Amino acid sequence: MKHIIMVASEGNPLCKSGGLADVIFSLSEELTKKGNKVAVILPFYKSIKDTGKLFKFVRTGHTEIEMSRRHQDAEFFRAEYKGLIYYLIGNHYYFDRDMLYGYEDDGERFAFFSLAALHLANSLEEIPDIIHVHDHQSAMIPCLMKEKGGAYPNLTNTKAVLTIHNPAFKGYLNDDALGELFGLPHYLYDEGNVRFDGAVSTLKSGIMYADKITTVSPTHRLELLNPSTSMGLDSVLRLREDDFLGIVNGVDYEEFNPAQDSFLFSPYDQNNFAEGKEKNRARLVAQSELEDDGGPSFGMVSRLTSQKGLDLIIGAVERIASEGHLVFILGSGDPYYENELQRLRDTYPTKFLFHRGYSNQVAHDIYASSDFFLMPSSFEPCGIGQLIALRYGTLPIARATGGLADTIVTDGEKADGFLFSEYSQYAFNETINRAERVYFEEKSMQKMIVSAMKADHSWGKSADEYIALYNQLS
């Protein structure tokens, strides 16, 4: 049994802006089921205080965190949920704000969080074997553990693991931040250990100091080692290549289970998916005031950003809807894409559903009602939409990048989706054509749906790989 502490800027069910929150909870829960003790350290955001959902936090203490001339009080709270221990670090100045991120002093906020998290970990009665940090917000922790070890004497034998979920954000800070925020000597910058693009990078610091580094799929690992797809990180990661692994994310099979999904009008499994999907589609069509003339339907649940291939989506929606087929899209993001999708909704009001924003109900309806799921991402470290779609027997049409390439099977007896390589409207449209041809070959379509629903993308296998990694370190 290992004692593992996850340190992250968000985590279900308390605070979420994206897929990181899902990973923190689901991986931690699975590690706990496999006999490990897991604690999650998060900031005590205002939104958590406002909702108070699921938790009754017990205040366990406080300390003063020194950051050069800054002295800020850290309050510690504890609660348990589904076998997990949650620790919340409270500070009115840094975390009583309306949003999780997006402030000019985010670097200072998460410097405080990292220092407070280490103080907390060092003071626990049971010393952790592993501190597992996630993305740039907590990536400075491995550096602090090694360069300021005397401040955390109980963590001398604790190992650090960094997982890179989003390499686009590198945690840039002015070089003066080393001393002013972290109390670290400036020579670490001069020697290059923490320097990247002429600034301090907390993400690079984590890469250089963590005992092991992971990212969220094997293919994305290769992409991050390739100069053309690494977002600049290849030179740094090649220094740690032997300690760098790709472990694909899973999906929560309790939350996403079409046989027991309370959101669905008609739950279904591998034996009655045709009837179940037809009934769910009929309800979604009726509620959305669409007209269903038969034929394939296409869904998407996503942030509306260029990364997700929205320029290709807009072209595909126009073509699919003009042919009389149904498209269901749920999401929000870039106002340009929101406006373009609304324009298409106005142009094809009986064939295209666009739900701006997010709704659990609509998301589950789309997964269950669609025949195909669209993910033409320009890059996708892992992706969760395709994993949920497979679970619901909705075949992904996706670009072969990152975790999409690792989780979608296109050939053989277990084929369960469609991939294309070139990021272009032509390649995407041709792949949609292939999918439509399969749709009208009933036996082939049914075989692929069964394969999709049988595929195991639960967290069990991924958790085993993390446990094997932790065992290598002790």
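A: Start with K82, which is partly exposed because its relative accessible area is 46%. The labels work like this: buried is under 20%, exposed is over 50%, and partly exposed lies in between, with a 1.4 Å probe and protein chains only. This is a predicted model, in which local features need pLDDT of at least 70, side-chain atom pairs count only at pLDDT 80 or more, and totals for chains, interfaces and linings use all residues. Residues are numbered from 1 along each chain as its sequence is written, and side-chain values use heavy atoms, leaving out hydrogens and water.

K82 sits in the loop between β4 and β5 (84-90). Its phi is positive, about 50°, although K82 is not a glycine. Strands such as these are DSSP runs of E with at least two residues; helices are runs of H or I with at least four; both are numbered from the N terminus.

Now step back to β4, residues 70-81. Strand β4 runs antiparallel to β3 (residues 58-67), and nine bridges join them. Two strands count as paired if DSSP finds at least two bridges between them.

β3 and β4 form a hairpin, with two residues between them. S68 lies in that turn, and its phi is also positive, about 55°.

Compare D197. This residue has a positive phi near 55° and is not a glycine. D197 lies in the loop between β9 (195-196) and β10 (199-201). At a relative accessible area of 59%, D197 counts as exposed.

The peptide bond from N12 to P13 is cis, with omega near -5°. P13 lies between β1 (3-7) and α1 (19-33).

For contrast, look at a helix. S462 is in α20, residues 459-472. S462 is buried, because its relative accessibility is 3%. Leaving aside neighbours within four places in sequence, S462 is in contact with I247, V248, N249 and G250. Contact means heavy atoms within 4.5 Å.

Finally, the whole chain. The protein chain has 20 helices and 18 strands. Buried residues make up 61% of its 474 residues. Of its contacts with a separation of 6 or more, 70% join residues 24 or more positions apart. The C-alpha trace spans about 70 × 45 × 40 Å along its principal axes.
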